[in-house]
Amino acid sequence: MSKKPGASPHTFSAAIVTGGGSGIGKAFCERLAGDGVKVAVVDLDERRAAEVADELGGLALACDVGDEAGMVEAIDRAEAELGPVDLFVANAGILSGDGPDGAADAKGLWSAVDDRWQLGWQVNVMAHVYAARRLVPGMIERGGGTFISVASAAGLLAQVGDAMYSVTKHAAVGFAESLAITHGDDGIRVTLVCPQAVDTEMVAVAAEHREASGNAIGGAAVDGVIAPRTVADMAVDAAREGRFLVLPHPGVSGYMQAKAADYDRWIAGMRQFRRKLREGIEAD
Ligand SMILES: NC(=O)c1ccc[n+]([C@@H]2O[C@H](COP(=O)([O-])OP(=O)(O)OC[C@H]3O[C@@H](n4cnc5c(N)ncnc54)[C@H](O)[C@@H]3O)[C@@H](O)[C@H]2O)c1
């Protein structure tokens, strides 16, 4: 539930940020540490997690968030070192790219594994479920807690050239909504963050593979690339005020309304947008 105007904003004592070793996750760690919050930096990449944690005086935890045992162990360790976690930022996420045969292709472009669908499901969706399963009961006992879910505009609209990303980000949006609806009355607050392009390695990798798939940086072509810290600041401010939806690119709200108003027209518009992206790639 959003805070009443004039009410003092929520504060946080101990936070976990997944994918905290780079990009948007790192920006979350910096913002939260700057606010005096104790931060656990969780990342698959141990070295990067340690670098960020050392710089900020946080706790580095290496784990694969798509593995439930690993996720639970990381949360246990964070709570043992930092005290009860009252903010969880579910930020780690992966793209894969459709591959040359499009949305029904068996392999992604740059995923090392064939089963990129399962990997995306684990990292982009189940990690959020595992964290909520472990944290929600304790948060309710203590009177409340906050989840920030970093999904994507692709979870509300679509990601041209990456069916796995579109599907799993829609699922992440659905899970954030469910958590907010089911546990709002228990004091669980959820903030859902849905940016288009943000200036991180993820976008750089997608750009590298753009020629083959026509993928991924469609939003950047239209609405620009914003800084990771802008996303983190908007999200933490919204979480402090108890607001649900954060759209760092303001145009996304209009696209959502256009999609809801006339779905067929929206699909036709997205096809046209895809053709334009492909023409741009072929002309380069
Ligand atoms: N960059 C964008 O344009 C953009 C736009 C919308 C949404 N997002 C979302 O924002 C989030 C952060 O993206 P980013 O752009 O900062 O990406 P990034 O690739 O720069 O950083 C992602 C971090 O997550 C870590 N990670 C990946 N898989 C992991 C796993 N299984 N377990 C633990 N850590 C893992 C990586 O090591 C990396 O440090 C993602 O969920 C992404 O989908 C990004």
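I started with the strands and found an open sheet of seven, ordered 3-2-1-4-5-6-7, with parallel pairing. Strand 3 (59–62) and strand 7 (245–246) stand at the edges with a single partner strand each, so one side of each has no neighbour in the sheet. Two strands count as paired if DSSP finds at least two bridges between them. Helices (H or I, at least four residues) and strands (E, at least two) are DSSP runs, numbered from the N terminus.

**Ground rules.** The model is predicted: local features need pLDDT of at least 70, side-chain atom pairs count only at pLDDT 80 or more, and totals for chains, interfaces and linings use all residues. Residue numbers run from 1 along each chain as its sequence is written.

**Strand pairs.** I went through some of the pairs. Strand 1 and strand 4 run parallel and are joined by three bridges. Isoleucine 16 has phenylalanine 88 in strand 4 as its bridge partner. Strand 4 also pairs with strand 5, in the parallel sense, over four bridges. There, valine 89 stands opposite isoleucine 148 of strand 5. Strand 6 and strand 7 run parallel with two bridges. Valine 193 faces valine 246 in strand 7.

**Strand 4 side chains.** Which way do the residues of strand 4 point? Leu87 and Val89 point one way, Phe88 and Ala90 the other, and all are buried. Buried means 20 or more other C-beta atoms within 10 Å of a residue's own; exposed means 12 or fewer, partly exposed lies in between, and C-beta atoms are placed from the backbone.

**Helices on the sheet.** I looked at helix 4 next. Helix 4 lies across strand 1 (14–18), strand 4 (87–90), strand 5 and strand 6, at about 170° to strand 4. Helix 5 packs on the sheet too, touching strand 5 and strand 6, at about 155° to the direction of strand 6. Axes are lines fitted to C-alpha atoms, for helices over the stretch in contact, and angles run from 0 to 180 degrees between N-to-C directions. Contact means C-beta atoms, placed from the backbone, within 7 Å.

**Helix 5.** I checked its length. Helix 5 (residues 163–183) has 21 residues and should span 30 Å at 1.5 Å a residue; its end C-alpha atoms are 30 Å apart, which agrees. The expected span is 1.5 Å times one less than the number of residues. Its buried residues include Met164, Val167, Phe175 and Leu179. Among the elements covering the buried residues of helix 5 are helix 4 (116–141), strand 5 (145–150) and strand 6 (188–193).

**Isoleucine 24.** I picked this residue in helix 1. Why is isoleucine 24 buried? Because 29 other C-beta atoms lie within 10 Å. Its C-alpha atom is 4.7 Å from that of proline 228, 204 residues apart along the chain. Leaving out residues up to four places away in sequence, isoleucine 24 touches Asn91, Val150, Val198, Thr200, Pro228, Val231 and Ala232.

**Ligand shell.** I counted 28 residues around the ligand; Gly19, Gly23, Gly93, Thr200 and Met202 are the closest. A residue is near a molecule if its C-beta atom, placed from the backbone, lies within 6 Å. Helix 1 (23–34) and helix 6 (201–208) each supply at least two shell residues.

**Whole chain.** I noted eleven helices and seven strands. Of the 284 residues, 46% count as buried. For contacts with a separation of 6 or more, 69% join residues 24 or more positions apart.

Conventions: Two residues are in contact if their C-beta atoms, placed from the backbone, lie within 7 Å.
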